[in-house]
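Open the model in your viewer and keep the selection tool ready. This tour goes from one stop to the next.

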Amino acid sequence: MIAYLLKRLFLFIPTLLAVSLIAFGLSRLTPGDPVLHYLVTNPFETSISTPQALQQAEKRYRQAAETLGQDKPAFYFSVKAKAWPDTLHRIIPRDRRETLEKLIARYGNWEQIEAWHQELRQLQLKSLSLPDSLDASLVSFKVPLLELAAAWREAHLASLLSEMQKALDKDPVLAEALGQDFSELKQRFEAVRGKATPGLLRIPSLRWHGTDNQYHHWLFSFLRGDLGVSLYDRRPVADKVAPALFWTLVLNLSALALAFLLAVPLGVWSAARQGSRFDQLTSLGLFMLYSLPAFWVGTLLLVFFTTREYGMNIFPGPGLGYLPAGLTWWEQIGRAAPHLILPVICLSYPALAYISRQARGGMAEVLRQDFIRTARAKGLPEQLVIWRHGFRNALFPLITMAAGVFPAIVAGSVTIEFIFNIPGMGWLSYHAIFSKDWPVVFSVLMLGGVLTIAGLLVADILYALADPRVKLDKA
């Protein structure tokens, strides 16, 4: 069995890598700048009146980018057009880098585009170092200068440069201070436009970036248990996931145990009494329960059984109640147990019909086998025939289904946890999505993928335990 388990684990590695690539790729497609989201406020939108203030804003952004690993290439290699440089990821902030990418995609001549970018930055720094006496005339020059950093269309660039030229023509003092630098900037623009190399955009080029890339650090940090840093409150993601995972496991495992304890006997006895009134009434009742939306049932339970207005203040309200610090896991569960009864009911009743149908279908097939008729012919009690000889051979569909709930247990139930204000994984994912806390969202996605693989492995082991004829170490 050990050899089989090792073989399966090695086969799961490509699956885990595929899941990690999907999760990482989706994280790269999320809108917005994660560095600015991490900083809460955009340092470039504050009042920057001196070169030192601009350099300090860039330093603050770069430090945050290094903390999040956003200053590294995305992957081990990249396949892009030959016109693209392999160091573009070092340019900050992200919107400035995206502008340069658009210029490259339009003109293809990186050397001239880089010179344009450097000259533009130097002109911005020099304009900030001018004395306050020129502030009135600087306004008409600075506005198009700031827009130049985000401009990439040729007509827009030419229009902004024309506005800056008019501002210089109106103020000789300003022209004397910035005229030479502006002339060099225009020359850089003419070089970008006149020395375009669009042909390089059609030649593919493979660039190797090594292991110092975002994906490599993200994956191996995940394998070490380091899930990154939350963009919302700068807490380690693991510190946010751990308590949420605990309450999701308590909630879902309780609901799963309740569902199996009720549904399996119902399914077995329905199969043993096929076509009887018990079978018909059981099927009708379970399917009626299955058709009721969980969010609707949860809202009704919360309204009618937790409020005094309806005279049925039987259960406490939403949430977990007061849980002082320092309690053990079991003490927390004991204090929160009254709050978990209604959510567990809401999570368990939809599964009753599905599990009971699986148990009924498997048992109905087994009870038609020859060995069951032989056991009955020997005079064995019906209880022994059903549970010892029949049920064990009908476990395969239940095992397959139980293995499939592993990722669902970790992902949690967003609807139920939100209605009852249970701080589980579903509740955490919901708030992480709306607050654009993507490290949390994709950590939950990766955990779901890992537990899906673990569920398949557990199912194989349970197959062998349920049926001795299954040999894991043989084909």
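Ala, Val, Leu, Ile, Met, Phe, Trp, Tyr, Cys and Pro count as nonpolar here, Asp, Glu, Lys and Arg as charged, and the others, Gly among them, as polar. This is a predicted model, in which local features need pLDDT of at least 70 and side-chain atom pairs pLDDT 80 or more, while totals for chains, interfaces and linings use all residues. Residues are numbered from 1 along each chain as its sequence is written, and side-chain values use heavy atoms, without hydrogens and water.

**Stop 1: the largest pocket**

Select Phe24, Arg28, Gly69, Gln70 and Gln214. Of the 45 lining residues, these are the closest to the centre of the largest pocket. Its volume is about 1300 Å³. A pocket is an open set of points on a 1 Å grid over the protein atoms alone, where a 1.4 Å probe fits, with protein on both sides within 12 Å along at least five of seven lines; lining residues have an atom within 4 Å of a point. The volume is the space filled by probe spheres set on the points, which are joined across faces, edges and corners.

Which helix gives the largest share of the lining? H9 does, with six residues. By class, the lining holds 19 nonpolar, 15 polar and 11 charged residues. Helices (H or I, at least four residues) and strands (E, at least two) are DSSP runs, numbered from the N terminus.

**Stop 2: H7 and H8**

Select 154-170 for H7 and 172-194 for H8. They pack at about 160 degrees, with axes 9 Å apart. Axes are lines fitted to C-alpha atoms, for helices over the stretch in contact, and angles run from 0 to 180 degrees between N-to-C directions. H7 and H8 are therefore roughly antiparallel (angles over 145 degrees; under 35 is roughly parallel, 65 to 115 roughly perpendicular, the rest oblique).

Now show side chains. Contact (heavy atoms within 4.5 Å) involves, among others, Leu157 and Leu161 of H7 and Phe182 and Phe189 of H8.

**Stop 3: H11 and H13**

Select 277-291 for H11. H11 packs on H13 at about 140 degrees, with axes 7 Å apart. That makes H11 oblique to H13. Their contact includes Phe287 and Tyr290 of H11, and Tyr349 and Arg357 of H13. By class, this contact has eight nonpolar, two polar and three charged residues.
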